[in-house]
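Please keep the sequence and the structure in view while reading.

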Amino acid sequence: MVTSVCVVTTEVAGQRYGFTANSVTSVSMDPPLISVCLADTADVHPAFSQAESVAVNVLAADQHAVAQAFATVGADRFAAAHFSPGELGPPLLDGATVSLEGVVHQRLTAGDHTIILIEVAGVVVGGGEPLTYQGRRFHTLNPL
């Protein structure tokens with residue numbers, strides 16, 4: 001299955017946190033909800049367990065290094081690209097295909113993951129082709 005590649009970000013007590021995700025799903029139109037799944041063992045799990053606002057940044061085709069940095073434990077993740085504060089506070093990735101910003105609506109436990117439901121409050125549309133992931137490799141979309 002081909003999925004988009006996203007970097008999910010938040011800010012808690014003045015500290016920025018983020019992780020790479022390809023498990024972002026549209027949930028509801030009214031209210032506008034999306035979901036993202038985070039492993040309970042992730043180093044950023046404690047921060048996302050208390051975050052009030054979150055941004056989901058859909059990466060552009062030329063941002064695979066950003067995806068790798070945010071997937072690497074111990075990496076200086078925010079050094080990989082430039083981020084600007086969103087309206088609600090979480091960092092928005094400059095150059096992303098699209099950034100969705102919202103408030104945490106609910107958290108659900110599902111096995112060894114936490115499902116974070118986010119009520120979308122703002123959208124920043126960038127440009128370019130999205131980065132995709134399939135078969136443990138990054139890809140770009142080919143025009144039909």
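Thr10 has Tyr17 as its bridge partner in β3. The model is predicted, so local features need pLDDT of at least 70 and side-chain atom pairs count only at pLDDT 80 or more, while totals for chains, interfaces and linings use all residues. Residues are numbered from 1 along each chain as its sequence is written, and side-chain values use heavy atoms, with hydrogens and water left out.

**The partners of β2**

- Strands here are DSSP runs of E with at least two residues, and helices are runs of H or I with at least four, numbered from the N terminus.
- β2 and β3 run antiparallel and are joined by seven bridges; two strands count as paired if DSSP finds at least two bridges between them.
- Two residues lie between the strands in the hairpin of β2 and β3, where Ala13 takes a positive phi near 50°.
- β2 also pairs with β6 in the antiparallel sense, over four bridges, and Val8 stands opposite Val56 there.
- Six of the seven residues of β2 are buried, that is, under 20% relative accessible area, with exposed meaning over 50% and partly exposed in between (1.4 Å probe, protein chains only).

**Cys6**

- Cys6 belongs to strand β2, which spans residues 6-12.
- Cys6 has a relative accessible area of 0% and is therefore buried.
- Beyond its neighbours within four places in sequence, Cys6 is in contact (heavy atoms within 4.5 Å) with residues including Phe19, Val24, Val56 and Leu59.
- The C-alpha atoms of Cys6 and Val24 are 7.7 Å apart, although the two residues are 18 apart in sequence.

**Other strand pairs**

- β5 and β10 pair in the antiparallel sense over seven bridges, with Leu33 opposite Glu119 in β10.
- β9 and β10 are antiparallel partners over 12 bridges, and Leu108 stands opposite Ile115.
- The hairpin of β9 and β10 has two residues between the strands, and Gly111 takes a positive phi near 65° in it.
- An open, antiparallel sheet of three strands has the order β1-β11-β12.
- β1 (3-4) and β12 (137-140) are at the edges of that sheet with a single partner strand each, so one side of each has no neighbour in the sheet.
- β1 pairs with β11 (residues 131-134) over two bridges, and Ser4 has Thr132 as its bridge partner.

**Nonpolar cores**

- A nonpolar core is a set of buried Ala, Val, Leu, Ile, Met, Phe, Trp, Tyr and Cys residues joined through side-chain atoms within 4.5 Å.
- The largest nonpolar core has 21 residues, and those that touch the most other members are Val8, Phe19, Val36, Phe48, Val54, Val56 and Ile118.
- Among the elements that give two or more residues to this core are β2, β3 (15-21), α1 (45-50) and β6 (53-58).
- A second, separate core of 11 residues includes Val5, Ala67, Phe83 and Leu93.

**The largest pocket**

- The largest pocket holds about 390 Å³ of space.
- A pocket is an open set of points on a 1 Å grid over the protein atoms alone where a 1.4 Å probe fits, with protein on both sides within 12 Å along at least five of seven lines; lining residues have an atom within 4 Å of a point.
- The volume is the space filled by probe spheres set on the points, which are joined across faces, edges and corners.
- Of the 23 lining residues, the closest to the centre of the pocket are Phe19, Thr20, Ala21, Phe70 and Ala71.
- At least two residues of the lining come from each of β3, β5 and α2 (64-70).
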